[in-house]
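Here is a briefing on one protein chain. Look at the structure first, then read the points below.

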Amino acid sequence: MSHPPSQPRTPVFAANWKMSHGPTETGAFVERFTARHSRRSDATVVIFPPAISLAAFAAAASDRPDLEFGVQDVHTELEGAHTSGISAAMVPATGATWALAGHSERRREFGDTDADVGRKLVRILEAGLRPVLCVGETLEERESGRLAAVLETQIREAIRPLDRESRAGLVYAYEPVWAIGTGRTASPADAAEAHAIVREQLARAEGCDAERTAILYGGSVKPANIEALLSGPGVDGVLVGGASLDPDSWAAICAAGG
Ligand code: PGA
C-alpha cells in the first residue's frame, strides 16, 4: 500500500457530477469553465465526472493541469468477472488522481457497507489515488440524536483495514444525507459542529492526522451559500453536486474564499 504524505489543509473545491455530463457535454463544460476560472495557487479544484467521460475530460483539460479529476467509485476487487466494475488499478492510466468512497448514493442505491468502503479505500490507496471518504447522517439519525455515533461508526469501520501510515492520506467529506440534492443546506453552525465531531474522531484514531486533514462539506452547496459555509470553523472545502453541473455556477463556487 502506498503512503501519501499528509497534506496541509489546502481548500478543496470538488465537483461530483454523478450520472450527468457524458463525453460531449464534458468537453463543452471544460471549454466554458476554463474560460471563466483562472488557476488558483491557494486551492485545489477537482472534478469527478462519470467514468465514461474521463477520457473526454482529460483531453479537454489537457492544457489545464491545475484541474484535477477523479472517479466516483471503485470496485472492492482489482480484476475479474465483475461486469461494470471499475478497478482502482486501472484508474491512474486515465490521468485521474482522486477517488470518492462511500458516497451516500452508493450506500443507498448499491448497498455499499462500511466494510465495503474500507476495502475500496485500500484499493484506492494501493493505486496511489487520493481518496475522499464521504460520511453523513440521515434526517432520522440526526433527529434521534445519533449524529456523532453515526459519523464515528462510518469512520471507524471504513479506516479499520488501513495501516497507520495510510490513514493520514485521506480527505473527508461530511455530507448530511438530508441536504443532498434537496435544496436544504446545513447551516454553517450545523456543518461546523459535524466537522468538529469528525476531527475529534480523527484525533482519537491511530495514525490519523486530525489537524492536517481536510474535511469538506457537501449538500446543496451553491454560489449563494458557499462563502458562509466556508467561513465555518474547520470547513476546508466543499463537495458539490447539482451546482457543479453548470460551468458558470461552478466557476462562481471555485472563486469563493479567495
Ligand atoms: P448536491 O450533492 O450538491 O446536489 O446536494 C452533493 C453530493 O452528493 O456530493
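Glu126 is found in helix α4. Helices here are DSSP runs of H or I with at least four residues, strands are runs of E with at least two, and both are numbered from the N terminus. Glu126 counts as partly exposed because its relative accessibility is 38%. Buried means under 20% relative accessible area, exposed means over 50%, and partly exposed lies in between, with a 1.4 Å probe and protein chains only. The C-alpha atoms of Glu126 and Ser144 are separated by 38 Å, although the two are 18 residues apart along the chain.

This is a predicted model, in which local features need pLDDT of at least 70, side-chain atom pairs count only at pLDDT 80 or more, and totals for chains, interfaces and linings use all residues. Residues are numbered from 1 along each chain as its sequence is written, and side-chain values use heavy atoms, with hydrogens and water left out.

**Helix α4 against helix α6**

- Helix α4 covers residues 114–126 and helix α6 covers residues 147–159. Their axes come within 7 Å and cross at roughly 45 degrees. The axes are lines fitted to C-alpha atoms, for helices over the stretch in contact, and angles run from 0 to 180 degrees between N-to-C directions.
- That angle makes α4 oblique to α6. Under 35 degrees counts as roughly parallel, over 145 as roughly antiparallel, 65 to 115 as roughly perpendicular, and the rest as oblique.
- On the α4 side, the contact is made by Asp114, Val117, Gly118 and Leu121. On the α6 side, Thr153, Gln154, Glu157 and Ala158 take part. Contact means heavy atoms within 4.5 Å.
- The residues of this contact divide into three nonpolar, three polar and two charged. Ala, Val, Leu, Ile, Met, Phe, Trp, Tyr, Cys and Pro count as nonpolar, Asp, Glu, Lys and Arg as charged, and the others, Gly among them, as polar.

**Salt bridges**

- The structure holds 24 salt bridges. Each is a side-chain nitrogen of Lys or Arg within 4 Å of a carboxyl oxygen of Asp or Glu.
- Lys120 and Asp73 form one of them, at 2.9 Å from N to O. This pair links distant parts of the chain, 47 residues apart: Lys120 sits in helix α4, and Asp73 in the loop between β3 (67–71) and β4 (98–101).
- Are these two partners buried or exposed? Lys120 counts as buried because its relative accessibility is 4%. Asp73 counts as buried too, at 15%.
- Asp190 and Arg142 meet in a salt bridge at 3.8 Å, N to O. Asp190 lies in helix α8 (residues 188–204) and Arg142 in helix α5 (residues 139–143), 48 residues apart. Asp190 is partly exposed, with a relative accessible area of 23%.
- Arg164 bridges to Glu206, with the closest N and O atoms 3.1 Å apart. Arg164 lies in helix α7 (residues 164–167) and Glu206 in the loop between α8 and β7 (215–218), so the pair ties together parts 42 residues apart in sequence.
- Arg164 is partly exposed at 48%. Glu206 counts as exposed at 52%.
- Salt bridges that share partners join Arg9, Arg199, Glu211 and Asp236 into one network.

**Helix α10**

- Helix α10 (residues 247–254) is mostly covered. Six of its eight residues are buried.
- Those buried residues are Pro247, Ser249, Trp250, Ala251, Ile253 and Cys254.
- What covers them includes the strands β1 (12–16), β2 (44–48) and β8 (237–240). The cover also includes the helices α1 (23–36) and α9 (226–230).
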